[in-house]
Amino acid sequence: MLAAAPMLVARAARAQTDADPAMNSARPALRVLLGPGNASPAVEGTFAFQGRLYRGSFTRQDDGQIVNLVDLEAYVCSVVPAEMSPRWPAAALEAQSICARTYVLQRSNPRRAYDLVPSELDQVYRGIEGESPNATAAVNATAGRVLRFSAAFAQIAYSSCCGGHTEASSDAWGSLPIPYLGGVVCTSCSDSPYFRWSSSLTLESIAASLPASLASIGDLVDLRIADRDPSGRARVVELVGRNDSVTVQGSAFRRAVGPRTLRSLLITAVQHWPDSPEIDLEGGGLGHGVGLCQWGAHGMAVAGAAAPAILAYYFPGTVVTDLER
Ligand SMILES: [Zn+2]
């Protein structure tokens, strides 16, 4: 397995300080940076950290931060229910399991002191308390299965609901185009409560979010979508002031006002009534929209699709294969 997953370190080689019978296994472990705090061994190959139990063992870095050495499959068991409802159909949970596993293998870097953090910056990981029987069944059903493009692990991205068209990674992040992350039409996510939404932002809150951009244009009076990418998402937002106007990248605008306040950049309509302190927005989707549309996976699973077909749809050109091959 190490030959197929060279970025992961051998468990036995890494955990020299914390006795753990399971650590004698030759299976790879990944290193999750849990943060500063107290950790102590617990029963049966687990340990306690800040009131939570984690599988595997731990090491303490020179700066005092705790790193969890955990088996890849055990890690995925905790991640899947945090990233997708464990009440969803098995095929959707299996697709999420393959995504979570592949994400780790694609991102792990032996030159860093750890592979992952346990938050949305990578994937949410809460140790044993995060596990759920349905998700564990999906992880076990797909054990060792990964998503590849040609020989390489696919770059994984996923978000809650794409609103009808997934986003190209190059448009979302300004990176070079990736063949299987170019964006696809999605007709399967309309059951999401965020497939279509409307919300209002106050001019005052927008101005407070972007003080540097707005300094030269006077009081903010309106907002327009100046350019859209092929998926329909706002590429450039124009902020209109009393004296002048200024443009900001859509991604920077959403980051500034807050990704929970502005659910997505798929803004379909902007309405501002004269003298109103608010701007009314209509849009679709929740999240950046790149890669797997999770509500789309739900819809495809309900319609009878299996996990490999779901992943082939949202990552066209990729295939699900065994890690050991
Ligand atoms: Zn979708």
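Reader: How many bridges join strand 8 to strand 9?

Author: This is a predicted model, and what follows is read from that model. Strand 8 covers residues 145-149 and runs antiparallel to strand 9, with phenylalanine 149 standing opposite alanine 152 of strand 9. The number of bridges that join strand 8 to strand 9 is 2.

Reader: At what angle do helix 3 and helix 4 pack, and what does their contact consist of?

Author: Helix 4 covers residues 133-141, and its axis lies 8 Å apart from that of helix 3, at an angle of about 65°, in a crossing that is right-handed. Helix 3 brings Ala90, Leu93, Glu94 and Ser97 to the contact, while helix 4 brings Asn134, Ala135, Ala138, Val139 and Ala141. Divided by class, the residues of this contact are 6 nonpolar, 2 polar and 1 charged.

Reader: Are helix 2 and helix 3 parallel, antiparallel, perpendicular or oblique to each other?

Author: Helix 2, which covers residues 72-83, packs with helix 3 at an angle of about 125°, and the two axes are 9 Å apart. Angles over 145 degrees count as roughly antiparallel and those from 65 to 115 as roughly perpendicular. The angle therefore makes the relation of helix 2 to helix 3 oblique.

Reader: Which residues meet where helix 2 packs with helix 3, and how do they divide by class?

Author: The crossing of these two helices, helix 2 and helix 3, is right-handed. From helix 2 come Leu72, Tyr75, Val76, Val79, Val80 and Glu83, and these meet Leu93, Gln96, Ser97, Ala100, Arg101 and Val104 of helix 3. By class, the contact has 8 nonpolar, 2 polar and 2 charged residues.

Reader: In the sheet with the order 3-4-5, why is one side of strand 3 and of strand 5 left without a neighbour?

Author: The 3 strands form an open sheet with antiparallel pairing. Strand 3 (39-41) and strand 5 (52-55) stand at its edges, so one side of each has no neighbour in the sheet. The reason is that each has a single partner strand.

Reader: How many bridges pair strand 4 with strand 5?

Author: Strand 4, residues 46-49, pairs with strand 3 in the antiparallel sense over 3 bridges, and there proline 41 stands opposite phenylalanine 47 of strand 4. With strand 5 the sense is again antiparallel, and threonine 46 stands opposite arginine 55 of strand 5. The pairing of strand 4 with strand 5 runs over 4 bridges.

Reader: Which residue in the turn between strand 4 and strand 5 has a positive phi?

Author: Strand 4 and strand 5 form a hairpin, with 2 residues between them. The phi in question is about 50°, and the residue in the turn that has it is glutamine 50.

Reader: How are helix 9 and helix 10 set against each other?

Author: Helix 9 (residues 294-302) and helix 10 (residues 307-314) pack at an angle of about 135°, with axes 10 Å apart, and their crossing is right-handed. The contact is made by Gly296, Ala297, Met300 and Ala301 of helix 9 with Ile310, Tyr313 and Tyr314 of helix 10, and by class it has 6 nonpolar, 1 polar and no charged residues. The two helices, helix 9 and helix 10, are therefore oblique to each other.

Reader: What distance separates the centres of domain 1 and domain 2?

Author: The domain assignment gives domain 1 as 9-189 + 289-322 and domain 2 as 197-283. Their contact takes 9 residues from domain 1 and 9 residues from domain 2, and the side of domain 1 that touches domain 2 has 2 nonpolar, 5 polar and 2 charged residues. Taken over C-alpha atoms, the separation of the centres of domain 1 and domain 2 is 34 Å.

Terms used: Residues are numbered from 1 along each chain as its sequence is written. This is a predicted model: local features need pLDDT of at least 70, side-chain atom pairs count only at pLDDT 80 or more; totals for chains, interfaces and linings use all residues. Axes are lines fitted to C-alpha atoms, for helices over the stretch in contact, and angles run from 0 to 180 degrees between N-to-C directions. Angles under 35 degrees count as roughly parallel, over 145 as roughly antiparallel, 65 to 115 as roughly perpendicular and the rest as oblique. A crossing is left-handed if the near helix is turned anticlockwise from the far one by less than a right angle, and right-handed if clockwise. Two residues are in contact if their C-beta atoms, placed from the backbone, lie within 7 Å. Ala, Val, Leu, Ile, Met, Phe, Trp, Tyr, Cys and Pro count as nonpolar, Asp, Glu, Lys and Arg as charged, and the others, Gly among them, as polar. Domain bounds come from an automatic or database domain assignment. Two strands pair if DSSP finds at least two bridges between them.
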